[in-house]
Amino acid sequence: MTGWRLLLTRPAEECEALAASLSEQQVFSFSLPLLAIEPIEETPEQRGIILELDRYCAVVVVSKPAARLGLELLDRYWPQPPANQRWFSVGAATGALLEAYGLPTAWPAEGDDSEALLALPQLVEALSVPDPKLLIMRGEGGREFLAERLRGQGVAVDYLELYRRCQPDYPAGTLARRVESERLNGLVVSSGQGLENLQRLAGDAWPELARLTLFVPSPRVAEQAAEAGVKNVVDCRGASAAALLAALRQYPAPAH
């Protein structure tokens, strides 16, 4: 496992935490954030949704930024969270933030994606009420899969969009130079948008970089990577540090 030299591409704060976890296991990493999180200024629509939070039998939080910003709103408008409301997250790291706040939270044991969440018995149970309503806290835009599937099952779904994702600006050639200078042999992305930004920043160097092993969080992003020409894709079945470390243990680093 210690032969890996990885490029981390998450937002800066998440890169820092992941790099620390990797370092504890003697895994080298270099951070080049390809996503930045910009909170959306609170709107009357947002305020209206959070003030009527008790309308929803369940709340799904899709990411750590959504959890942090959503909890700030909860703290501001709900000194005591609505009773009998179930909270859900797509991944364990997001769920841990909600649980630490004191919210009854569940998430899939395996797989950090909407497909795994939909199969979660606790979510099925929470929505087994007359006229179920669910709120999804997320960033601007994003996947519609979860909402579409639930609406198809008769669940009323609303969004509370709390942030937008931006791509940091780097000079041309930055990515290829860093991969070469740091002798990196693996790339890590945590979302489909992160992969798109990686490919965009790579530019003409993408065919060469696509030969490196790419670690992704889900089958959906793995399929997207394969379509983009990546030769060796490893699906970690999760975006957490533990999921990445498990994948690194399973797949030996390439020989120099």
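This is a predicted model: local features need pLDDT of at least 70, side-chain atom pairs count only at pLDDT 80 or more; totals for chains, interfaces and linings use all residues.
Local features need pLDDT of at least 70 and side-chain atom pairs count only at pLDDT 80 or more, while totals for chains, interfaces and linings use all residues. Residues are numbered from 1 along each chain as its sequence is written, and side-chain values use heavy atoms, with hydrogens and water left out.

Me: At roughly what angle do the axes of helix α3 and helix α4 cross?
Reply: Helices are DSSP runs of H or I with at least four residues, and strands are runs of E with at least two, numbered from the N terminus. Axes are lines fitted to C-alpha atoms, for helices over the stretch in contact, and angles run from 0 to 180 degrees between N-to-C directions. The axes of α3 (residues 64–77) and α4 (residues 92–101) come within 8 Å, and they cross at roughly 20 degrees.

Me: Which residues of α4 does α3 meet?
Reply: Contact means heavy atoms within 4.5 Å. From α3, the residues taking part are K64, A67, R68, L71, L74 and D75. Their partners in α4 are A93, T94, L97, L98 and Y101.

Me: Which residue in β10 stands opposite L187?
Reply: Strand β9 (residues 186–188) runs parallel to β10 (residues 213–216), and 3 bridges join them. Opposite L187 stands L214.

Technical notes: Two strands pair if DSSP finds at least two bridges between them.
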